[in-house]
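Me: I am new to this structure and would like to learn how to read it. Please take me through it one feature at a time.

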Amino acid sequence: MDKNIQIDVTGYKEKVKHSMKGFLFWEKDLLFKGMTQSGYEIEYDAAVQWGCMPTEGLLLSLAGCMGIDVVSFLQKMKVDLKKFKVDIDAERNPTPPQYFTEITMHLHITGRGITEKQVERAVSLSQEKYCSVYHSLRKDLVVKVGYTITEVEEPHEVK
């Protein structure tokens, strides 16, 4: 990863709360409603009929955290970003506790003039310092990140 690409991250995540709380309410069977301190709700369901499994929520939290970081860093680099998507796959330990053993993320980045060095630097900053979810996971977890950059053409002017 090229660490020579300079971006100003001063103040990035300074306003993040240092303590958090949430609430989990049992609704019925193995269905629970989680609520963040900000009032957002997440449904968890062991049967996966009315909500997601907690492990699915964890995977999306990792993708969301890294996605927010990478897009923020690319924006600070003044790239012309048009689309961003993360595909995430995971392998779990076959017996309890069925923790994640390997997670693979593939970033689909579309825009103009975006370089591999810029993307690698953004991913590196997220993984090495800023992604709180990543740093909250097991230390023996293997997380692989790949990417595809799709260049979009300049719009043609009609005269």
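Predicted model: local features only at pLDDT ≥ 70, side-chain atom pairs only at ≥ 80, totals over all residues.

Me: What is the order of the strands in the open sheet, and which are the edge strands?

Reply: As a general idea, strands of a sheet pair through backbone hydrogen bonds, and the pairing is either parallel or antiparallel. Here the open sheet has 3 strands in the order β1-β2-β3, with antiparallel pairing. The edge strands are β1 and β3 (41–45), each of which pairs on one side only. From one strand to the next, the twist averages 25°.

Me: How many aromatic pairs are there?

Reply: Two rings count as a pair if their centres lie within 6.5 Å. That rule gives 3 aromatic pairs. In one of them, Tyr12 and Phe73 have ring centres 4.9 Å apart and planes at 55°, so this pair is tilted. Tyr12 lies in the segment before β1 (22–28) and Phe73 in helix α1 (residues 54–76), so the pair ties together parts 61 residues apart in sequence. Ring pairs also link Tyr12, Phe73 and Tyr130 into a cluster.

Me: Is Tyr12 buried or exposed?

Reply: Buried means under 20% relative accessible area. Tyr12 counts as buried because its relative accessibility is 14%. Phe73 is also buried, with a relative accessible area of 0%.

Me: Where is Ser126 found, and which residues does Ser126 touch?

Reply: Ser126 is in helix α2 (residues 116–130). Leaving aside residues up to four places away in sequence, Ser126 touches Met66, Asp69, Phe73, Cys131 and His135. Ser126 is buried, at 0% relative accessible area. Cys131, one of the residues that Ser126 touches, is likewise buried at 0% relative accessibility.

Me: Which charged residue sits over the ring of Tyr99?

Reply: The charged end of Arg138 does, at 3.8 Å from the ring centre. Arg92 lies over the face of Phe100, 5.8 Å from the centre of that ring.

Me: How many disulfides are there?

Reply: A disulfide needs two cysteine sulfur atoms within 2.5 Å. The count by this rule is 0. Take Cys52: the nearest cysteine sulfur belongs to Cys65 and is 17 Å away, and Cys52 is in no disulfide. Cys52 is partly exposed, with a relative accessible area of 21%.

Definitions and conventions:
Residues numbered from 1 in each chain as written. Heavy atoms only, no water. Helix = DSSP H or I, 4+ residues; strand = E, 2+ residues; numbered from the N terminus. Buried < 20%, exposed > 50% of the residue type's maximum accessible area, 1.4 Å probe, protein only. Contact = heavy atoms within 4.5 Å. Phe/Tyr/Trp six-rings, centres within 6.5 Å; stacked < 30°, edge-to-face > 60°. Lys NZ or Arg CZ within 6 Å of the ring centre and 35° of its normal. Pairing = 2+ DSSP bridges. Axes fitted to C-alpha atoms, helices over the stretch in contact; angles between N-to-C directions.
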